[in-house]
Amino acid sequence: MMDNNVDDYCFFCKSNNSKLLFEVTDIFNDPYTLNQCDHCHAVYLSPHPTEAQLDRAYDDTYYGSGTDKFNPIIESVLDFFRSRRSSFLRKQLYADARILDIGCGNGRFLQYLGKKGNYELHGIEREGNSASRASQIPELRLLVGSLKQATYSSNYFDAITLFHVFEHVDNPAEMLDIIKDILKPGGVLVMSFPNINSNQARWFKGDWLHLDPPRHLFYFKPDDFIMLMKKRGFELVVEQYLSFEQNPYGLVQSILNKVSAKRELLFEFLKGNKSYIKDYPSYKFIFHLLFFIAFMPVAFICDVLEALVKRSATIQLTFIKK
Ligand SMILES: [Zn+2]
């Protein structure tokens, strides 16, 4: 993990030459800035959050303390998207492929995939309630912790996936080296993450939902990342900007963040994080919910239009290892 909170260097290339972009405050009221690295162009959170700050950010209120992270209605919407993701990946796999989902959460994406073929399913999740939920899935080979060198043999996996996980890791360059080693030549790598070149990032800056400070540590503009991966021996095969799972809600919550006293109030309310919302008058959530219902259709249309010009809030990239 990171040494202390006075460091200011790029999470990706470790250079300490950067320029300040804008300021951001996390849900605990701790201030940071977003800086762009002069060397590799990654945009990163500065100073690096301390271990104590990260432990607090990944406590039970992050994973949800019940059977699921969200309430049943939201979980069933998420299950729909998990199932769709598994259908997308299945099209690229052989019948007996080995798959690793890094940051597998409750494991349900892998579980859906397992229903579609005779796959060897592996997941990694950091310790917490999500990992406990994933451990209940018998067909899933779960590693609780993080990906390390020599955890798996070289050229072992046919596919590796990281859905909104990469931006959370504090050793991204090392992680890409390990992924390159354990993925077979011709293997598929699917990654999704926030698009720092999106309209939402440009419009809302520190109020943007997908900054999620202090959990998201760094970002790349899609073109910079695609170039970086090309140099590392990965060829881009699919580039997807449209995401009804991530982008429309990002717009709604970012607007609410702009006009509210605290960030992510509706999101934490929907997650049932009582300690976070306790000081906020409950009648105000009626306005948040009404705005959410009224504005979502507009937000869906925005996502369709933004996807056409590659300015959507998040991106999913599929690479083949050469
Ligand atoms: Zn850098």
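Student: What makes the sheet formed by β1, β2, β3 and β9 an open one?

Tutor: In this predicted model, four strands follow one another in the order β1-β2-β3-β9, with antiparallel pairing. β1 (18-25) and β9 (218-219) stand at the edges with a single partner strand each, so one side of each is left without a neighbour in the sheet.

Student: How do you know that strand β2 and strand β3 pair?

Tutor: Two strands count as paired if there are at least two bridges between them, and β2 (residues 31-37) and β3 (residues 43-46) have four bridges, in the antiparallel sense. Within this pair, Q36 stands opposite V43 in β3.

Student: Why is α9 called oblique to α12?

Tutor: Helix α9 (residues 247-259) and helix α12 (residues 282-308) pack at an angle of about 130 degrees, their axes being 8 Å apart. Roughly perpendicular covers 65 to 115 degrees and roughly antiparallel begins over 145, so α9 is oblique to α12. Their crossing is right-handed, and the residues that meet there include L251 and L256 from α9, and F295 and C302 from α12.

Student: What makes I160 a contact partner of L189?

Tutor: Contact requires C-beta atoms within 7 Å, and, leaving aside neighbours within four places in sequence, I160 is in contact with L100, I102, I179, L183 and L189. I160 and L189 are also among the residues that touch the most other members of the largest nonpolar core, which has 59 residues. Strand β8 (residues 183-194) gives the most to this core, with six residues. A second, separate core of nine residues includes Y249, L256, F267 and C302.

Methods: Residues numbered from 1 in each chain as written. Predicted model: local features only at pLDDT ≥ 70, side-chain atom pairs only at ≥ 80, totals over all residues. Core = buried A, V, L, I, M, F, W, Y, C linked by C-beta atoms within 7 Å. Buried ≥ 20, exposed ≤ 12 C-beta atoms within 10 Å, placed from the backbone. Helix = DSSP H or I, 4+ residues; strand = E, 2+ residues; numbered from the N terminus. Contact = placed C-beta atoms within 7 Å. Axes fitted to C-alpha atoms, helices over the stretch in contact; angles between N-to-C directions. Parallel < 35°, antiparallel > 145°, perpendicular 65-115°, else oblique. Left-handed = near helix turned anticlockwise from the far one by under 90°.
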